[in-house]
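Let's take a walk through this one, going from a sheet to a chain contact and then to a pair of helices. Have the viewer open as you read.

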2 protein chains.
Amino acid sequence: MKINNNFDVILSIDPGLVSCGFSVLKKQGENVFLLEYGVLKMRSSQSVPDRLGQFYTFCQEKISLYQINCLALETPFLGKNASSFLKLGYLRGVLYLISNLNNLRLLEFSPCEVKSTLTGYGFAQKEQVARFLMKLFPTISASTKLDATDALAVGLCCAMRSF
Amino acid sequence: MKINNNFDVILSIDPGLVSCGFSVLKKQGENVFLLEYGVLKMRSSQSVPDRLGQFYTFCQEKISLYQINCLALETPFLGKNASSFLKLGYLRGVLYLISNLNNLRLLEFSPCEVKSTLTGYGFAQKEQVARFLMKLFPTISASTKLDATDALAVGLCCAMRSF
(Lines give C-alpha, C1' and ligand atoms only; values in the text may rest on other atoms or scores of the structure.)
Protein backbone atom coordinates (compact mmCIF):
# COMPACT_ATOMS: atom_id res chain seq x y z
CA MET A 1 0.00 0.00 0.00
CA LYS A 2 1.30 3.44 -0.94
CA ILE A 3 1.48 5.90 1.96
CA ASN A 4 0.64 9.59 1.94
CA ASN A 5 3.67 11.47 0.66
CA ASN A 6 3.79 14.60 2.84
CA PHE A 7 7.35 14.24 4.18
CA ASP A 8 10.83 14.21 2.69
CA VAL A 9 13.43 13.75 5.45
CA ILE A 10 13.18 10.48 7.36
CA LEU A 11 14.86 9.53 10.61
CA SER A 12 14.74 5.79 11.23
CA ILE A 13 15.77 4.21 14.50
CA ASP A 14 16.51 0.65 15.56
CA PRO A 15 16.21 1.20 19.31
CA GLY A 16 18.38 -0.41 21.99
CA LEU A 17 19.59 0.74 25.41
CA VAL A 18 23.22 -0.12 24.59
CA SER A 19 23.38 0.31 20.83
CA CYS A 20 20.89 2.29 18.71
CA GLY A 21 21.05 2.11 14.94
CA PHE A 22 19.90 5.18 13.02
CA SER A 23 19.73 6.55 9.51
CA VAL A 24 18.69 9.84 7.92
CA LEU A 25 17.30 9.67 4.37
CA LYS A 26 16.17 12.45 2.07
CA LYS A 27 13.67 11.91 -0.72
CA GLN A 28 13.96 14.10 -3.81
CA GLY A 29 11.62 13.21 -6.64
CA GLU A 30 12.11 9.49 -7.10
CA ASN A 31 15.59 9.53 -5.58
CA VAL A 32 16.61 8.73 -2.03
CA PHE A 33 19.82 10.18 -0.58
CA LEU A 34 21.49 8.75 2.49
CA LEU A 35 22.53 11.77 4.58
CA GLU A 36 23.87 9.91 7.61
CA TYR A 37 23.73 6.54 9.28
CA GLY A 38 25.45 4.90 12.21
CA VAL A 39 25.10 3.67 15.73
CA LEU A 40 24.62 5.62 18.96
CA LYS A 41 26.51 3.74 21.66
CA MET A 42 25.45 4.07 25.27
CA ARG A 43 27.41 2.79 28.24
CA SER A 44 25.69 0.05 30.24
CA SER A 45 27.37 1.54 33.33
CA GLN A 46 25.11 4.60 32.91
CA SER A 47 21.64 4.66 34.49
CA VAL A 48 18.59 4.16 32.25
CA PRO A 49 17.40 7.78 32.79
CA ASP A 50 20.87 9.06 31.76
CA ARG A 51 20.83 6.88 28.65
CA LEU A 52 17.30 8.05 27.73
CA GLY A 53 18.45 11.65 28.19
CA GLN A 54 21.42 11.01 25.86
CA PHE A 55 19.13 9.27 23.34
CA TYR A 56 16.59 12.14 23.45
CA THR A 57 19.28 14.81 22.95
CA PHE A 58 20.84 12.81 20.09
CA CYS A 59 17.49 12.52 18.26
CA GLN A 60 16.55 16.16 18.86
CA GLU A 61 19.89 17.27 17.40
CA LYS A 62 19.45 15.16 14.25
CA ILE A 63 15.87 16.42 13.81
CA SER A 64 16.99 20.02 14.03
CA LEU A 65 20.16 19.52 11.91
CA TYR A 66 18.41 17.77 8.99
CA GLN A 67 14.93 19.30 9.41
CA ILE A 68 13.50 15.82 9.75
CA ASN A 69 9.73 15.54 9.30
CA CYS A 70 9.17 11.77 9.48
CA LEU A 71 10.14 9.10 12.01
CA ALA A 72 10.18 5.48 10.80
CA LEU A 73 10.20 2.52 13.21
CA GLU A 74 9.85 -1.21 13.01
CA THR A 75 6.88 -2.65 14.93
CA PRO A 76 8.17 -4.74 17.81
CA PHE A 77 7.85 -8.49 17.80
CA LEU A 78 6.04 -9.36 21.02
CA GLY A 79 8.05 -12.16 22.62
CA LYS A 80 7.73 -13.61 26.08
CA ASN A 81 10.29 -11.64 28.07
CA ALA A 82 8.29 -8.93 29.87
CA SER A 83 11.42 -7.28 31.25
CA SER A 84 12.95 -6.72 27.79
CA PHE A 85 9.61 -5.32 26.57
CA LEU A 86 9.57 -2.84 29.39
CA LYS A 87 13.05 -1.66 28.32
CA LEU A 88 12.07 -1.49 24.65
CA GLY A 89 9.01 0.48 25.78
CA TYR A 90 11.26 3.11 27.44
CA LEU A 91 12.93 3.92 24.12
CA ARG A 92 9.76 3.72 22.08
CA GLY A 93 7.98 5.97 24.60
CA VAL A 94 10.72 8.59 24.16
CA LEU A 95 10.49 8.22 20.36
CA TYR A 96 6.69 8.66 20.43
CA LEU A 97 7.16 11.74 22.60
CA ILE A 98 9.78 13.12 20.18
CA SER A 99 7.41 12.59 17.24
CA ASN A 100 4.68 14.49 19.13
CA LEU A 101 6.91 17.37 20.30
CA ASN A 102 8.33 17.89 16.79
CA ASN A 103 5.14 17.22 14.82
CA LEU A 104 6.80 14.39 12.92
CA ARG A 105 4.88 11.97 10.75
CA LEU A 106 5.25 8.63 12.58
CA LEU A 107 5.24 5.47 10.46
CA GLU A 108 5.73 1.91 11.63
CA PHE A 109 6.44 -1.14 9.50
CA SER A 110 6.54 -4.81 10.44
CA PRO A 111 9.82 -6.70 9.85
CA CYS A 112 8.01 -8.62 7.11
CA GLU A 113 6.87 -5.39 5.36
CA VAL A 114 10.44 -4.04 5.47
CA LYS A 115 11.94 -7.19 3.93
CA SER A 116 9.19 -7.51 1.38
CA THR A 117 9.48 -3.85 0.25
CA LEU A 118 13.26 -4.07 -0.10
CA THR A 119 13.78 -7.56 -1.55
CA GLY A 120 10.32 -8.60 -2.74
CA TYR A 121 10.28 -11.44 -0.21
CA GLY A 122 8.92 -10.98 3.34
CA PHE A 123 11.04 -13.73 4.83
CA ALA A 124 14.37 -12.72 3.23
CA GLN A 125 17.55 -13.31 5.21
CA LYS A 126 19.41 -10.39 6.80
CA GLU A 127 22.24 -10.95 4.28
CA GLN A 128 19.88 -10.46 1.31
CA VAL A 129 18.66 -7.18 2.82
CA ALA A 130 22.27 -6.09 3.47
CA ARG A 131 23.26 -6.89 -0.16
CA PHE A 132 20.35 -4.76 -1.43
CA LEU A 133 21.39 -1.85 0.78
CA MET A 134 25.05 -2.07 -0.30
CA LYS A 135 24.04 -2.08 -3.96
CA LEU A 136 21.91 1.04 -3.47
CA PHE A 137 24.32 2.88 -1.17
CA PRO A 138 27.92 1.96 -2.10
CA THR A 139 29.30 3.81 0.96
CA ILE A 140 27.91 1.01 3.11
CA SER A 141 30.40 -1.79 3.66
CA ALA A 142 29.91 -5.36 4.86
CA SER A 143 31.49 -4.31 8.15
CA THR A 144 28.78 -1.71 8.85
CA LYS A 145 27.16 -2.49 12.17
CA LEU A 146 23.93 -4.51 11.80
CA ASP A 147 22.02 -2.08 14.05
CA ALA A 148 22.76 0.67 11.52
CA THR A 149 21.69 -1.38 8.48
CA ASP A 150 18.54 -2.53 10.33
CA ALA A 151 17.61 1.12 10.89
CA LEU A 152 18.49 2.00 7.29
CA ALA A 153 16.28 -0.84 5.98
CA VAL A 154 13.27 0.59 7.87
CA GLY A 155 13.95 4.13 6.67
CA LEU A 156 14.33 2.98 3.09
CA CYS A 157 11.14 0.92 3.28
CA CYS A 158 9.37 4.09 4.47
CA ALA A 159 10.80 6.12 1.56
CA MET A 160 10.00 3.46 -1.07
CA ARG A 161 6.46 2.99 0.17
CA SER A 162 5.76 6.71 -0.26
CA PHE A 163 6.75 6.99 -3.95
CA MET B 1 16.44 1.69 55.10
CA LYS B 2 16.62 5.48 55.37
CA ILE B 3 17.29 7.24 52.05
CA ASN B 4 19.51 10.26 51.48
CA ASN B 5 17.52 13.38 52.31
CA ASN B 6 18.56 15.85 49.59
CA PHE B 7 15.10 16.67 48.23
CA ASP B 8 11.94 18.26 49.58
CA VAL B 9 9.26 18.38 46.86
CA ILE B 10 8.13 14.99 45.56
CA LEU B 11 6.09 14.22 42.46
CA SER B 12 4.72 10.69 42.49
CA ILE B 13 3.03 9.09 39.52
CA ASP B 14 0.93 5.98 39.06
CA PRO B 15 1.29 5.71 35.28
CA GLY B 16 -1.43 4.64 32.85
CA LEU B 17 -2.22 5.57 29.23
CA VAL B 18 -5.88 6.35 30.08
CA SER B 19 -5.71 7.46 33.69
CA CYS B 20 -2.56 8.63 35.51
CA GLY B 21 -2.66 9.19 39.26
CA PHE B 22 -0.32 11.83 40.65
CA SER B 23 0.49 13.63 43.90
CA VAL B 24 2.79 16.47 44.91
CA LEU B 25 4.12 16.38 48.48
CA LYS B 26 6.36 18.85 50.30
CA LYS B 27 8.53 17.87 53.25
CA GLN B 28 9.23 20.50 55.90
CA GLY B 29 11.15 19.27 58.92
CA GLU B 30 9.27 16.17 60.00
CA ASN B 31 6.01 17.30 58.36
CA VAL B 32 4.63 16.36 54.98
CA PHE B 33 2.21 18.68 53.18
CA LEU B 34 -0.02 17.53 50.36
CA LEU B 35 0.14 20.29 47.72
CA GLU B 36 -1.94 18.62 45.02
CA TYR B 37 -3.19 15.23 43.97
CA GLY B 38 -5.51 13.91 41.32
CA VAL B 39 -5.81 12.04 38.07
CA LEU B 40 -4.70 13.05 34.57
CA LYS B 41 -7.29 11.65 32.18
CA MET B 42 -6.31 10.89 28.59
CA ARG B 43 -8.70 9.97 25.82
CA SER B 44 -8.25 6.51 24.40
CA SER B 45 -9.35 7.96 21.04
CA GLN B 46 -6.04 9.92 21.00
CA SER B 47 -2.90 8.33 19.55
CA VAL B 48 -0.22 7.08 21.95
CA PRO B 49 2.28 9.80 20.84
CA ASP B 50 -0.37 12.48 21.51
CA ARG B 51 -1.07 11.04 24.95
CA LEU B 52 2.65 10.86 25.77
CA GLY B 53 2.98 14.50 24.66
CA GLN B 54 0.09 15.49 26.96
CA PHE B 55 1.60 13.46 29.82
CA TYR B 56 5.06 15.04 29.30
CA THR B 57 3.66 18.59 29.24
CA PHE B 58 1.53 17.88 32.33
CA CYS B 59 4.57 16.63 34.31
CA GLN B 60 6.83 19.45 33.14
CA GLU B 61 4.24 22.03 34.25
CA LYS B 62 3.93 20.48 37.75
CA ILE B 63 7.74 20.29 38.08
CA SER B 64 8.10 23.95 37.20
CA LEU B 65 5.09 25.12 39.29
CA TYR B 66 6.12 23.36 42.51
CA GLN B 67 9.90 23.29 41.95
CA ILE B 68 9.83 19.53 42.25
CA ASN B 69 13.21 17.88 42.89
CA CYS B 70 12.23 14.23 43.37
CA LEU B 71 10.22 11.74 41.32
CA ALA B 72 8.80 8.70 43.14
CA LEU B 73 7.55 5.62 41.29
CA GLU B 74 6.43 2.13 42.12
CA THR B 75 8.53 -0.66 40.60
CA PRO B 76 6.42 -2.56 38.07
CA PHE B 77 5.28 -6.06 38.75
CA LEU B 78 6.49 -8.13 35.79
CA GLY B 79 3.50 -10.15 34.62
CA LYS B 80 3.09 -12.18 31.48
CA ASN B 81 1.44 -9.72 29.09
CA ALA B 82 4.26 -8.37 26.91
CA SER B 83 1.96 -5.88 25.18
CA SER B 84 0.91 -4.20 28.42
CA PHE B 85 4.57 -4.02 29.49
CA LEU B 86 5.47 -2.28 26.28
CA LYS B 87 2.76 0.34 27.02
CA LEU B 88 3.86 0.74 30.64
CA GLY B 89 7.39 1.12 29.29
CA TYR B 90 6.29 4.09 27.13
CA LEU B 91 5.19 6.06 30.19
CA ARG B 92 8.11 5.00 32.34
CA GLY B 93 10.53 5.90 29.53
CA VAL B 94 9.04 9.41 29.42
CA LEU B 95 9.24 9.64 33.23
CA TYR B 96 12.90 8.54 33.22
CA LEU B 97 13.61 11.13 30.54
CA ILE B 98 11.83 13.83 32.59
CA SER B 99 13.91 12.93 35.65
CA ASN B 100 17.07 13.24 33.57
CA LEU B 101 16.12 16.52 31.84
CA ASN B 102 15.14 18.16 35.15
CA ASN B 103 17.90 16.65 37.33
CA LEU B 104 15.32 15.07 39.62
CA ARG B 105 16.21 12.51 42.24
CA LEU B 106 14.50 9.31 41.02
CA LEU B 107 13.35 6.81 43.65
CA GLU B 108 11.46 3.59 43.09
CA PHE B 109 9.71 1.47 45.69
CA SER B 110 8.18 -1.96 45.39
CA PRO B 111 4.43 -2.30 46.19
CA CYS B 112 5.46 -4.25 49.29
CA GLU B 113 7.81 -1.47 50.50
CA VAL B 114 5.06 1.12 50.02
CA LYS B 115 2.50 -0.86 52.05
CA SER B 116 5.01 -1.80 54.70
CA THR B 117 6.20 1.81 55.16
CA LEU B 118 2.64 3.16 55.42
CA THR B 119 0.88 0.47 57.42
CA GLY B 120 3.70 -1.63 58.90
CA TYR B 121 2.54 -4.63 56.88
CA GLY B 122 3.84 -5.38 53.37
CA PHE B 123 0.75 -7.29 52.31
CA ALA B 124 -1.83 -4.79 53.58
CA GLN B 125 -5.08 -4.44 51.63
CA LYS B 126 -5.72 -1.36 49.47
CA GLU B 127 -8.44 -0.32 51.97
CA GLN B 128 -5.97 -0.28 54.89
CA VAL B 129 -3.63 1.94 52.86
CA ALA B 130 -6.54 4.23 51.93
CA ARG B 131 -7.63 4.51 55.61
CA PHE B 132 -4.08 5.50 56.59
CA LEU B 133 -3.98 8.17 53.88
CA MET B 134 -7.40 9.59 54.87
CA LYS B 135 -6.32 9.82 58.50
CA LEU B 136 -3.17 11.71 57.55
CA PHE B 137 -4.76 13.94 54.89
CA PRO B 138 -8.38 14.69 55.84
CA THR B 139 -9.05 16.37 52.47
CA ILE B 140 -8.96 12.91 50.88
CA SER B 141 -12.34 11.26 50.74
CA ALA B 142 -13.36 7.66 50.20
CA SER B 143 -14.50 8.66 46.71
CA THR B 144 -11.02 9.81 45.66
CA LYS B 145 -9.95 7.87 42.60
CA LEU B 146 -7.76 4.85 43.40
CA ASP B 147 -5.13 5.92 40.85
CA ALA B 148 -4.67 9.14 42.82
CA THR B 149 -4.38 7.40 46.20
CA ASP B 150 -1.99 4.81 44.70
CA ALA B 151 0.28 7.64 43.54
CA LEU B 152 -0.06 9.41 46.91
CA ALA B 153 0.91 6.21 48.76
CA VAL B 154 4.16 5.98 46.75
CA GLY B 155 4.96 9.67 47.31
CA LEU B 156 4.29 9.40 51.02
CA CYS B 157 6.42 6.25 51.28
CA CYS B 158 9.23 8.21 49.63
CA ALA B 159 8.83 11.12 52.09
CA MET B 160 8.61 8.87 55.17
CA ARG B 161 11.66 6.86 54.17
CA SER B 162 13.76 10.00 53.98
CA PHE B 163 13.10 11.31 57.52
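What follows is a short tour of a predicted model.

Start with chain B and its open sheet. Five strands line up in the order E3-E2-E1-E4-E5, and the pairing is mixed. At the edges you'll find strand E3 (31–41) and strand E5 (105–109) of chain B, each of which pairs on one side only. Direction ignored, neighbouring strands here are turned by 20° against each other on average. As background, strands of a sheet pair through backbone hydrogen bonds, either parallel or antiparallel. One residue pair to click on is B:Ala72 with its bridge partner in E5(B), B:Leu107.

Now for where the chains touch. Chain A puts 28 residues into the contact, and chain B puts in 28 residues too. On the chain A side, helix H1 (48–66) and helix H2 (82–101) each supply at least two residues. H2(A) gives the largest share of that side, with 17 residues. Sorted by class, the side of chain A that touches chain B has 17 nonpolar, seven polar and four charged residues.

Last stop: two helices within chain A. The axes of helix H4 (residues 126–136) and helix H5 (residues 146–161) of chain A come within 10 Å and cross at roughly 75°, so H4(A) is roughly perpendicular to H5(A). Where they meet, H4(A) brings A:Val129, A:Ala130 and A:Leu133, while H5(A) brings A:Thr149, A:Leu152 and A:Ala153.

Note on methods:
Residues are numbered from 1 along each chain as its sequence is written. Chains are lettered from A and ligands numbered from 1 in the order in which they are written. This is a predicted model: local features need pLDDT of at least 70, side-chain atom pairs count only at pLDDT 80 or more; totals for chains, interfaces and linings use all residues. Two strands pair if DSSP finds at least two bridges between them. Helices (H or I, at least four residues) and strands (E, at least two) are DSSP runs, numbered from the N terminus. Axes are lines fitted to C-alpha atoms, for helices over the stretch in contact, and angles run from 0 to 180 degrees between N-to-C directions. Two residues are in contact if their C-beta atoms, placed from the backbone, lie within 7 Å. Ala, Val, Leu, Ile, Met, Phe, Trp, Tyr, Cys and Pro count as nonpolar, Asp, Glu, Lys and Arg as charged, and the others, Gly among them, as polar. Angles under 35 degrees count as roughly parallel, over 145 as roughly antiparallel, 65 to 115 as roughly perpendicular and the rest as oblique.
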